[in-house]
Amino acid sequence: MIDINLLRENPEIFRASQRARGKDESHVDRILAADEARRRLIGEYETLRAEQNAFGKQVAKAPKEEKPALVAQAKELATKVKEAEAASEAAAAEFTELLSSIENLIVDGVPVGGEDDYVVLKTVGTPRDFEAEGFEPRDHLEIGELVDGIDMVRGAKVSGSRFYFLKGQVARLEQALMWLALDTATANGFTMMTTPTLVRPEIMNGTGFNVKHDDEIYRLERDDLYLVGTSEVALAGYHADEIIDLSNGPKKYLGWSSCYRREAGSAGKDTRGIIRVHQFNKAEMFVYCPVEEAEAMHEQLLVLEEEMLAKCELAYRVIDTAAGDLGTSAARKFDCEAWVPTQGTFRELTSTSNCTTYQARRLNTRERTADTVDEQGNVKKGRTRSVATLNGTLATTRWIVAILETHQQADGSVRIPEALRPYMGGAEVIPAIA
């Protein structure tokens, strides 16, 4: 949710943000109109309520013979008060709906446009030249089958399309990625969290996902719970309705969970293998910090993502995502895309988003600023304010795609990146099965 005070003071920056996203900038004016109506109707209700209280005292003191007429007036006034209260509540509900449905205010410098209008910030590493090495690269599913590590056929038999089994050394490779992510994160001050994968609707909504209109989300109607597509959701709700202490620095968590997405809008796209699947594992960084530190923290999360990609010895690029391709909550998002040899292109493996105070306002997560002392020595207690939240991926099942294809060998085996070998029992290669 955005800051209504900032919108009142400077609506043009929100109109500009909406234009950059390709969204309806008149939404800003609807919010302002609803805010004005809400405040006016609340004022009218409070005036009538005060009048009602005063009139009640007058009735109580009135002579007996005057009371019947006054009671009739009091009933008429009570009706007006109820009508005014209902009108103010309806206006408040409309205002809240409008305010909660507008996207976050983007950060200065975010590229304008849609999915294809990203800006490449850097490219790191050189893709392997398989032609020079004398063999045609296999795609990740063919490799996964050669090493007896991916079974899509039985995954579909058990659960339907886009489900799979990981086996043997490929299953261990996924766990190695997760453990490497954990060690990388904890070395940088993150606390590991295993998180719920089912959340209440208010937590899903509070994080910025629209449970009524998002076809990617699985819902358990009987329990009114939602399966998460990222542990960001559970971690964003972890401190909901709390005042948290950031005096010793940001709160940094690494969420470790299975994740679920319906992939409803991607029929016919990336259906081969494990690029777009309904269930996957993920290690997700989540940070609470003062809003002044959010942009610097965003850069730090990107550094950790790049560190993981380097440890996996992958060629990759970093893009600054265009405004129209940001999620509702993100004020800025950097994606790291690894080179996938058989596709001849970069594919997203990680992203990191600065959500500023958008999620915290929706979930009522605040910090208390430091106490101050005036010239007379009087201590003034610090005020509460919304914190900033950020998220960033350190590893997912999809990384297996880039690792298998990048590090494949001519005989179908796969060289294990050195950083992952300690988690693979010291193995250097995943062998092809004869």
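How much space lies in the second largest pocket? The legends below take up this question first, and they describe a predicted model.

**View 1. The second largest pocket and its lining.** About 340 Å³ of space lies in the second largest pocket. The lining is made up of 14 residues, and those closest to the centre of the pocket are Glu97, Ser100, Asn205, Asn210 and Arg362. Two helices, helix 4 (67–101) and helix 12 (358–363), each supply at least two residues of this lining, and helix 4 gives the most, with three residues. By residue type, the lining of the second largest pocket divides into seven polar, four charged and three nonpolar residues.

View 2. The structure holds one cavity of 30 Å³ or more, and the volume of the largest cavity is about 50 Å³. The residues that line this largest cavity are Ile275, Ala338, Val340, Arg347, Leu349, Arg398, Val401 and Ala402. Strand 12 (332–340), strand 13 (345–354) and helix 13 (399–406) are the elements that give two or more residues to the lining of the largest cavity. Six residues of the lining of the largest cavity are nonpolar and two are charged, while no polar residue takes part.

View 3. The side chains of Arg15 and Asp29 meet in a salt bridge, with a distance of 2.7 Å from N to O. This pair links distant parts of the chain, since Arg15 belongs to helix 2 (residues 11–21) and Asp29 to helix 3 (residues 26–61), the two being 14 residues apart. In all, the structure holds 28 salt bridges.

View 4. The side chains of Lys282 and Glu284 meet in a salt bridge of 3.5 Å, N to O. Glu284 is buried, with a relative accessible area of 1%, and Lys282 likewise counts as buried, at 7% relative accessibility. Elsewhere in the structure, salt bridges that share partners join Glu12, Arg15, Arg19, Glu25 and Asp29 into one network.

**View 5. The salt bridge of Arg138 and Glu142.** Arg138 forms a salt bridge with Glu142, and the closest N and O atoms of the pair are 3.6 Å apart. In general, side chains of opposite charge can pair when their charged atoms come close. Arg138 is partly exposed, with a relative accessible area of 21%, and Glu142 is also partly exposed, with a relative accessible area of 35%.

View 6. Helix 11 (residues 294–311) has 18 residues and reaches 26 Å from its first C-alpha to its last, which is close to the 26 Å expected at 1.5 Å a residue. The buried residues of this helix are Ala294, Met297, His298, Leu301, Leu302, Leu304, Glu305, Glu306, Met308 and Leu309. As a general point for reading such a list, an α-helix has 3.6 residues a turn, so residues three or four places apart point the same way. Just after helix 11, Glu313 takes a positive phi of about 55°.

Terms used:
Residues are numbered from 1 along each chain as its sequence is written. This is a predicted model: local features need pLDDT of at least 70, side-chain atom pairs count only at pLDDT 80 or more; totals for chains, interfaces and linings use all residues. Side-chain values use heavy atoms; hydrogens and water are left out. A salt bridge is a side-chain nitrogen of Lys or Arg within 4 Å of a carboxyl oxygen of Asp or Glu. Helices (H or I, at least four residues) and strands (E, at least two) are DSSP runs, numbered from the N terminus. Buried means under 20% relative accessible area, exposed over 50%, partly exposed in between (1.4 Å probe, protein chains only). On a 1 Å grid over the protein atoms alone, a cavity is a set of points where a 1.4 Å probe fits but cannot get out, and a pocket is an open set with protein on both sides within 12 Å along at least five of seven lines; lining residues have an atom within 4 Å of a point. Grid points are joined across faces, edges and corners, and a volume is the space filled by probe spheres set on the points. Ala, Val, Leu, Ile, Met, Phe, Trp, Tyr, Cys and Pro count as nonpolar, Asp, Glu, Lys and Arg as charged, and the others, Gly among them, as polar. The expected span of a helix is 1.5 Å times one less than its number of residues.
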